[in-house]
Amino acid sequence: MIEFMDYPGSPGEAATAKSSEMRSEPDPLALRDVFEPPEGSRLRQEIQSDLFARSSWETSGRASVTLDRFLDADASCCFVRLPPSGSRTARFVVESGYALVSCLSGGWWLKPGEATLPTYWIPRRPVSRAMDAQGRTLSEEPTVLSAFQPKGSATTIDLATRNSSPVECVIWRLGPGASAIVDELQQPLVLERQPVFMLASHTALRSPGDVYVYLLHGHVYENRFDQRRKRKICSELEAYSLYLALHGLETATGKTLYRLLKRQIVFSVVARQQQDGGWYHGEWTDFMESHYRFHNAAMLLLETALEEAPNRVIADALGKAASVLSRCTDRTDIGLWFFHDSLEHSVEMTEKSGIHWIPSRVLGKSPATKMILNSHVDAIVTLDRYREVAGDDQFSEQVASALGATRKLLALRPAEWLYRVLYRAVGLTLLPQPEAERLPLLLRAVKRLTRNYVIPQLHRVKRKFPRMVMPGGLIERHLSRLHFGVNYHSVNVMDLARLWRRFPSDDLWSVIDGGVEAVTKTALLRYWVEVGQRQALGYWVEALYHVCTLNPDVAYRRHLAEAMLSALDAGLGLPPSLLGTHPEIVKPEQRPACPSPTDDRLRVANLSWEARREILVVNPTSVAIELVWERAPSADLTWTSSGGAPASAAASRSSVPPRGWLLGRGRWPTGSASVDSLLPSD
């Protein structure tokens, strides 16, 4: 077998690459038939909008095809699924002679010998993929290019597999009118090739072609196999991550491609919405339960798209989703509480799920309600943003009640002395190994006892004395699960900062600031790095981005820079919000372009919004790197180094110190909502 590589081809040329393994001849599939339904095909129109159309069909039992057409561009994208073949070879045929050439933005080109013919982009290597009956991925393996035959009349491509699973591939057809998109793909900026953290799978998007690591046959999946259940699920949170990344890159580059990719993600989410308005995932069970954080993410995505431009299909889908979310609640003694998942609707379903839990009626909740903080706060933000974008305030009472419940729960401080003792002991278990080894013998014994006996019983203490905010600032995840959720601390800080932005009159800042200090004044960040806690690290960067856009204090920029360094040390990408276009912070007409450095080792956080311009540049290496822009910031900035000293007035002549950062700032806008302007004075 041979790997994908460049194969020159032109009309009349017969360069051929073949494997030595002989198999029976496969049934060829003409690309013409996957972009133009053959006569007699039973066409299913899945999505029809003013700028986008999705249809699907089968080609005489040889392939399942889903075609996305972009109605304002000479471009279309096709998902092809080929059934298992006895020859274990899939063959595609393209009319005329084509050359196979690698693409700098991911994947390969099929480039024609004539300018009047379309160019084909194959963004990812085709994959042999097995699915279960619910559409969850069970296994996948890349195919191998076993033959490429460019001739004057036709070009043949053979893909070999080592198993009998269906072969899936995605192909773009770019007509002569889309030549600008071809040029865009050939000239990526450094910023476009730097890894972006995905919020669901905690993996990285590294190029436009990587979109199709997540977007599989028209649905968006997490890019990870569940360690226990060995399967991948569909995830609207992953879709929202992709959209945020594409949103920022579109603003930074001005490229048409990102606008089309965003559109494809949005309508892929709409296409997966069920008739009742929900999305279902089967993350934990075969009941295909709904994970409401994913449902919320679908709504946030649709809200962002609708805020950019009115669209009937999107508006209808969003309205149905909002109605579903408004009903996914429990009425407790402190107010309305949003569920984390659909299993919480029933004790029976929760018991069947196999999830470890103990039913309780703490604070008057229903027995199956886990009272998970982050998904509850996320639902408040999501439903209130729906009001803002759609102009529909029918759910205002639910939001107000849920907000009141949040404030009451966060204000609870029972058994202070007990929790103070317990969480000092818990803190010993969150030390990096070198620091833990230096503990006195007695404290090492306390650490071991806490890990083995105290932490497994914390849920009992929380049921007796319900509390979320602990001494030292740690914010717990839930009241009714058995596990200790310290890795969700960063998610909680992020969500509470989002909540504070929408309801700044609510004094949540002391909880948020205490949550920041629980990391920056302890060894918790180093612990997360040591144990490889990808979720906690990625969301910690995201949380500090939100905090920085609320508070101008340079100390938070220092914390953000240190968090970025830790995430990069752990091999993670940086969250898409750092591109500077988070829709909860930046309105469509105010989106600031993220600058792109010439050196790909430098990483940028765009903290700009409204009239304020602010750029943080981090150097994760052990050597100083000169700061030169291939696409410069859009405003004059005053630069300071990580040590606080002024940097060169001309940022292009500054150097970013090793393991350090530079901060470029314009003026904080007069009248902007920030913590300093809303907190009471001493």
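The model is predicted, so local features require pLDDT of at least 70 and side-chain atom pairs pLDDT 80 or more, while totals for chains, interfaces and linings use all residues. Residues are numbered from 1 along each chain as its sequence is written, and side-chain values use heavy atoms, without hydrogens or water.

The largest nonpolar core holds 168 residues. W172 and W540 have the most contacts inside this core. A second, separate core has 27 residues, among them V65, V94, Y120 and L159. A nonpolar core is a set of buried Ala, Val, Leu, Ile, Met, Phe, Trp, Tyr and Cys residues joined through side-chain atoms within 4.5 Å. Buried means under 20% relative accessible area, exposed over 50%, and partly exposed in between (1.4 Å probe, protein chains only).

Helix α2 spans residues 179–186, and its buried residues are I181, V182, E184 and L185. These residues lie on the same side of α2 because they cover an arc of only 160° around the axis. The arc is taken from the directions from the helix axis to the C-beta atoms. The cover over them includes β9 (108–112), β10 (119–122), β15 (167–174) and α5 (256–272), with contact meaning heavy atoms within 4.5 Å. Helices (H or I, at least four residues) and strands (E, at least two) are DSSP runs, numbered from the N terminus.

Nine cavities of 30 Å³ or more were counted. A cavity is a set of points on a 1 Å grid over the protein atoms alone where a 1.4 Å probe fits but cannot get out; lining residues have an atom within 4 Å of a point. A volume is the space filled by probe spheres set on the points, which are joined across faces, edges and corners. The largest cavity has a volume of about 130 Å³. Its lining comprises 15 residues, with L199, Y240, R293, M494 and R498 nearest the centre. The second largest cavity has a volume of about 100 Å³. Of its 11 lining residues, F92, I122, I157, L159 and I171 are closest to the centre. β14 (154–160) and β15 each supply at least two residues of this lining.

Most residues other than glycine have a negative phi. H217 has a positive phi, near 50°. H217 sits in the loop between β18 (215–216) and β19 (219–220) and is buried, at 13% relative accessible area. E610 also has a positive phi, of about 50°. E610 occupies the loop between β23 (603–606) and β24 (614–618) and is partly exposed, at 34%.

Note on methods. 1 Å grid on protein atoms, 1.4 Å probe; cavity = no way out; pocket = protein on both sides within 12 Å on 5 of 7 lines; lining within 4 Å.
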